[in-house]
Amino acid sequence: MERLQHLLMRVCTIVEEADTRYINNSGMMMQLKMLSEAMYRGYSVVDNSKYQALQDGASSDEASSNDSSTWSLYLAKRSRTTNKATHLELHCALEDLEIVVANMAEFVILLGGCERMSRRPYDIYLYIDNFMFGRHAEKQKLLSFLLHPDPLGDHALAVLPLIGGATTGKKTLVAHVCGDERVRQRFSSILHLKGDNLLRILDHGRTMKGVMLIIIEFVSDVDDDDWERFHSFLIRIGRGSKIIIVSRIKSLVRFGSVKPIFLSALSHDELRYLFKIMAFGSVDPTEHPRLLQLADEFAKVLHSMQSSLVEITVFADALRRSLHVQSWCCILDKGIRFLKRNLSMYGMQPRIALLEQGHPVDITDVTSHPHSMTPYTINASIEKPPSVTAAELLTDPSVRPKGDFILILWESRIPPHESFVYFVTSRAQDTNQGSTLAGRKRRGVPV
């Protein structure tokens, strides 16, 4: 354990240092990805071992206070079996980290020759949710694309597709990179376009000058002829300009001039590491062994839900408000019932049903009342309904407004400051009539 913790400290130092440098070597980017993955696996094993040690201590106390020799033998046998599995896991994690670290000598030397980034203001770390988690290698790939000349020269237009599922952090990654000082100096302007208005830019040719970075968000595929017109127009007026395509649609990689970046959901080890940090905040988790075990259960449920940073933050925020076993068990039970209910209705994860399929999601288990939610659309002609945050609702269902209301799932503190807001409607009438929600869409606020 001591050796593993020492290696983790070294690896964490290297990863943090790499995040402050501009890495252009693709091999180094691959090594950085391997290093960060091994680091999160190692932290997961350390947590398991610490919890097992705490559990063994509790079992010993239980055995000594129990007169039954049979019960004492059972606890001892269970402890030996678990300790054997934990020791094996610890050994494998240590071996993996030793191999990775042994191959890092060249990486560290080359890292020292990489240019250092400008330091960010310290206030970015004042809040737990005020940073972009992970994506170490992806960030370096995007920076390298933006800061280096295209191999085909200024007469070509470099295009990088950034593809990932809903709420995987595509726009957050782009905003993070665009905030870099060298990127801002490299481009005279940064334009954000919607894919459905792609050709409107043709009417503004006279006002577009200099080297531009164009970021286009596509929610649907685009006609090849329209793309060719758009692409040719930009080549004529913006030599040296670059395009980032942001979308869930994999077929759009056909427009890329470089290898695309694919963003996937967080791995279980990454999710668990982040969730524990956010749920406990400044509190030492070892002071709450039972909550530490429940945090693992939450991580398993959230990973099975293919959760994004949005859902992770919502649950962590709710748990951080009350570090009590009963409260955590109650919220965990709500999460499990919410998942099972919507899986039985749609045969898919709630997040996918809502964001990608357009189905209203049943949140009865969260509100303790028959409710469904759909994406909220602002309508200035209609009075805005009352609102409540998801964390408030999870910890205390009595704060639920009467009638329809707005549910604020999460408001990001970092650029592009996305807000995830939904419209919640009552299903009490449907329930009384015996009707079901499955297969039928409900309206949110009229557009």
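1. Axes are lines fitted to C-alpha atoms, for helices over the stretch in contact, and angles run from 0 to 180 degrees between N-to-C directions. Helices (H or I, at least four residues) and strands (E, at least two) are DSSP runs, numbered from the N terminus. The model is a predicted one, in which local features need pLDDT of at least 70, side-chain atom pairs count only at pLDDT 80 or more, and totals for chains, interfaces and linings use all residues. Residues are numbered from 1 along each chain as its sequence is written, and side-chain values use heavy atoms, with hydrogens and water left out.

2. Helix α10 (residues 289-304) packs with helix α12 (residues 325-346) at an angle of about 15°, and their axes are 10 Å apart. That angle makes α10 roughly parallel to α12 (the term covers angles under 35 degrees).

3. Contact means heavy atoms within 4.5 Å. Among the residues that make the contact are Leu291, Leu294 and Phe298 of α10, and Trp328, Leu332 and Ile336 of α12. The residues of this contact comprise twelve nonpolar, one polar and two charged.

4. An open sheet has five strands in the order β2-β3-β4-β1-β5, with parallel pairing; two strands pair if DSSP finds at least two bridges between them. At the edges lie β2 (189-194) and β5 (261-263), each pairing on one side only.

5. Strands β3 (residues 212-218) and β4 (residues 242-247) run parallel and are joined by six bridges. Leu213 has Lys242 of β4 as its bridge partner. Helix α8 (residues 224-237) packs on the sheet and touches β1 (158-164), β2, β3 and β4.

Methods: Parallel < 35°, antiparallel > 145°, perpendicular 65-115°, else oblique. Nonpolar A, V, L, I, M, F, W, Y, C, P; charged D, E, K, R; others polar.
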